[in-house]
Amino acid sequence: MRQPDTRGRGPVRYGPPAPEPGLPVLPELAAVLAAAAHRTEPEPPGGGAVLRDAACGYWWRRGLRCHPEDLAAAPGAQPLLSALMAAHGGDVLMPRPCPAWWTPQARLLGRPAYHVPTPAECGGVPDPYALLETVRRVRAEGGHPAVLLLSVADDPTATVAPPEVVREACEAAVAEGLHIISDETWRDTLHDPHDTVLVSPAEMCPDDVTVLCDLAGSLTPAAWPAAIARFPHTGPGPARRARTLDRLTALGAQVAAPVAAAAAHALGEPEAVTTRARATAALHARVAAAAHHAVLTAGALALPPRAGRHLYADLGPLRGRLAERGVTDSMELEEYLTDRLGVLVPGGHRFGDELGALRVRLATWPLLGATPEERTESLTAETSTAADPLESPHVARALDRFGSAFHELQEPR
């Protein structure tokens, strides 16, 4: 497993990255990128026609109608979210916990960011009653709540919010005059697409929701930054898109032409891309279920992972055993598990949780193998009817090491 550099991880620049697939680049995408390497003209701010047409098709296939003039693209989710929040103005509300990169975007803009508790059954979406109470409290203190960030398929909790929870939260937000930015980066990483219902807030409140998607969630490598946003076609949507494009232009936040070509190809969802995406989601689902079982049998808590390449564990029930090892908060827990597992295990404080809560996000990619070749072998086993990736020696070893790090906490020091 990759050994992390643990020095100075407090600043934003050392924050935890999004969970990665841990797999080599799809050869078909690499060929498209290479074929476009000769392009010298930059993509226009917001993305060129080919990229936006491909993004339209992507969303139409998911029941979200749109046209190229309703879309914008940027080199990654961070600059796109920053431009979106700048275009809307006002204070920002988000669930607790939330993706590690959300809060820094608000702070860089000088915007107050308020975290709202989530319901017990899922993360990513605020509890509607807690949301209403937070809005009223912020206004009473002189604030101006204007934007709600949420993610139906969530990082860090790996849960998928039930449609009724999404509806209640969205209705509460719209009733209070908030515009919703729905981060749907992980919507195509469902572990069981036939059993898990994912409904976009844009289907429920079409005039009040902007949808954001980082293509690194399921379609392209993280090293090729590309993200897309879908704006409401009516009301202030076009004006907000124009203000977003102004900010992307001022930042020089343009998708590189070869990356735009690869992103457009991936958004078209040819068979090779969709086959890889489904196999990757299924593989991570298998190892996430095994990791979840190990966490529970050790006496810790975690909601069942339903999407993504991670799970979110609460080691509160093991607080006494951890205290014997000098671990009393999530920063110390991060250091302890990072040392034990050999990969960065970010603590809950990275995601807006309280420092005293003993929570961590656990990535599943290290469980696929120690090298690209081993992880590719795991993917091949997942797609084969004659092999079980969990029985591969390198996966079994990784799961054994993972489980040991938690089970040893049941023993006194």
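Trainee: What should I know before reading anything off it?
Mentor: This is a predicted model, so local features need pLDDT of at least 70, side-chain atom pairs count only at pLDDT 80 or more, and totals for chains, interfaces and linings use all residues. Residues are numbered from 1 along each chain as its sequence is written, and side-chain values use heavy atoms, with hydrogens and water left out.

Trainee: OK, the sheet. What is the strand order?
Mentor: The order is β1-β7-β6-β5-β4-β2-β3, seven strands in an open sheet with mixed pairing. Strands (E, at least two residues) and helices (H or I, at least four) are DSSP runs, numbered from the N terminus. Two strands pair if DSSP finds at least two bridges between them.

Trainee: Which strands are at the edges?
Mentor: β1 (71-74) and β3 (113-117), each pairing on one side only.

Trainee: And how does β1 pair with β7, parallel or antiparallel?
Mentor: Antiparallel, over four bridges, with β7 covering residues 227-230. Ala72 has Ala229 in β7 as its bridge partner.

Trainee: Which helix lies across β1?
Mentor: That's α8 (residues 237-251), which lies across β1 and β5 (179-183) and runs at about 20 degrees to β1. Axes here are lines fitted to C-alpha atoms, for helices over the stretch in contact, and angles run from 0 to 180 degrees between N-to-C directions.

Trainee: What sits in the loop between β7 and α8?
Mentor: His233 is there. At 47% relative accessibility His233 is partly exposed; buried means under 20% relative accessible area, exposed over 50%, and partly exposed in between (1.4 Å probe, protein chains only).

Trainee: What does His233 touch?
Mentor: Setting aside neighbours within four places in sequence, His233 is in contact with Asp70 and Pro238, where contact means heavy atoms within 4.5 Å.

Trainee: Switching to helices. At what angle do α1 and α9 cross?
Mentor: Roughly 140 degrees, with the axes of α1 (residues 27-35) and α9 (residues 257-267) coming within 8 Å. That makes the two helices oblique to each other; angles under 35 degrees count as roughly parallel, over 145 as roughly antiparallel, 65 to 115 as roughly perpendicular and the rest as oblique.

Trainee: Which residues of α1 meet α9?
Mentor: Glu28, Leu29, Val32 and Leu33 do, and on the α9 side their partners include Pro258, Val259 and His265.

Trainee: How many disulfides are there?
Mentor: Zero, searching the whole structure; a disulfide is a pair of cysteine sulfur atoms within 2.5 Å. For Cys98, the nearest cysteine sulfur is that of Cys122, 14 Å away. For Cys170, the nearest is that of Cys205, at 4.9 Å.

Trainee: Are those two buried or exposed?
Mentor: Cys98 is buried at 1% relative accessibility, and Cys170 is buried at 0%.

Trainee: What's the phi of Ala158?
Mentor: Positive, about 65 degrees, although Ala158 is not a glycine. Ala158 lies in the loop between β4 and α6 and is buried at 0% relative accessibility.
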